[in-house]
Amino acid sequence: MEDKKVIFSGIQPTGTFTLGNYIGAVRNWKPLQDEYNCIYCVVNMHAITVRQEPAKLRKNTLDAYALLMACGIDPEKSILFIQSHVKTHAELSWVLSCATQFGELSRMTQFKDKSKRHPDDINAGLFTYPVLMASDILAYNADLVPVGVDQKQHLELARNIAQRFNQRYGELFKIPDAYIPEVGAKVMSLQEPTKKMSKSDENPNACILILDDKDTIIRKFKRAVTDSESEICYREGKDGINNLMTIYSSVTGKNFDEITSEFAGKGYGDFKIAVGEAVADHLAPIREKFAEYSADKEYLKKCYTEGAEKALAYSQRIVSKAYRKVGFVDIK
Ligand code: AQP
């Protein structure tokens, strides 16, 4: 790979990506491919921190891979792979977990949220999830990590782990920076706009999936929870409208003042339909490309096999150094 800065990011195959995953993270991955060495991953090992049905996980993983390609990730330009194909992630994760404190992991809000949502399965993997995420990033010595704002806390922990390792054993890891978009870093649920939009939300009207058809998208936006006022402007307390403005701004490129002028004198109903149409039109080409890529199983297999080979070769160098630094004996 050329001597450019390195980007790493991943997405869980826990279902079809939401508009939140797309606006907050994945849409930003494509333009970065020209300027950086990009390494993108379907993080299926993270997905099993919440119970998954094996056949569904397998399908969701391949769909997520095809969806990333449909979102413009080019496996010729970037390293695009499936996490469980590359053993270095789990290997480094063990080493880094011995450089992570129980107290640090206990403070992670995602752990607290997911433990509440799955009280019958608060497994150790859910607790150590951020260590595996740190390994994903540090195994490639990534400079930048494009994520939604909800992942900022995990990224800060990855930085702390890297610093601690370097202090203990000598310089090895780069300290990665977050790359968070200005607009759309957190897309909220359409039904509870104080909560983030999430793939695993049980209410299907709460999130737009990027493979939803136009009618479904418009119907969900029409049902979006707003407030009892009528003015379309971005203001504290107007969580529902703020969220719709954020989404509309992300897909049209218009700023909040322009949106307020465009809809002056119009009602929430008109605005919701306009947002729905803009989103549906924006996502239509992704749906078409997804149908193409997911139908060509041989091509997909070739891409993820080559992606895994490149990812392994790349990360092996760094993980071997980490093994040596902690005092593990070389085999050759
Ligand atoms: N609502 C959101 N707004 C902005 N960005 C978001 N991301 C997720 N939700 C939003 C970003 O999407 C990337 C991939 O996320 P993930 O699949 O690794 O896990 P997640 O953050 O836990 O996403 P979900 O949709 O909420 O999945 P489930 O329901 O399975 O837990 C990340 O960069 C994230 O910031």
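Colleague: Which residues is S115 in contact with, once its neighbours within four places in sequence are left aside?

Modeller: I122 and L126. Contact means heavy atoms within 4.5 Å. This is a predicted model: local features need pLDDT of at least 70, side-chain atom pairs count only at pLDDT 80 or more, and totals for chains, interfaces and linings use all residues. Residues are numbered from 1 along each chain as its sequence is written, and side-chain values use heavy atoms, with hydrogens and water left out.

Colleague: Why is S115 called buried?

Modeller: Buried means under 20% relative accessible area, exposed over 50%, and partly exposed in between, using a 1.4 Å probe and protein chains only. S115 has 11%, so it's buried.

Colleague: What makes the stretch around S115 a helix, α6?

Modeller: A helix is a DSSP run of H or I with at least four residues, a strand is a run of E with at least two, and both are numbered from the N terminus. S115 is found in α6, residues 109-117, so that run passes the cut-off.

Colleague: And T49, buried or exposed?

Modeller: Buried: its relative accessible area is 7%, so T49 falls under the 20% limit too. T49 belongs to the loop between α2 (44-47) and α3 (54-70). Not counting residues up to four places away in sequence, T49 touches N123, G125, L126 and Y129. Take L126: 77 residues separate it from T49 in sequence, yet their C-alpha atoms are 4.9 Å apart.

Colleague: How do you know that the side chain of T49 has a polar contact with the backbone oxygen of H46?

Modeller: A polar contact is a pair of N or O atoms within 3.5 Å; within protein, one must be able to donate a hydrogen and the other to accept it, and residues adjacent in sequence count only if both atoms are side-chain atoms. Here the two atoms are 2.6 Å apart, so the distance is inside the cut-off.

Colleague: Which element gives the largest share of the shell around the ligand?

Modeller: α1, with four residues.
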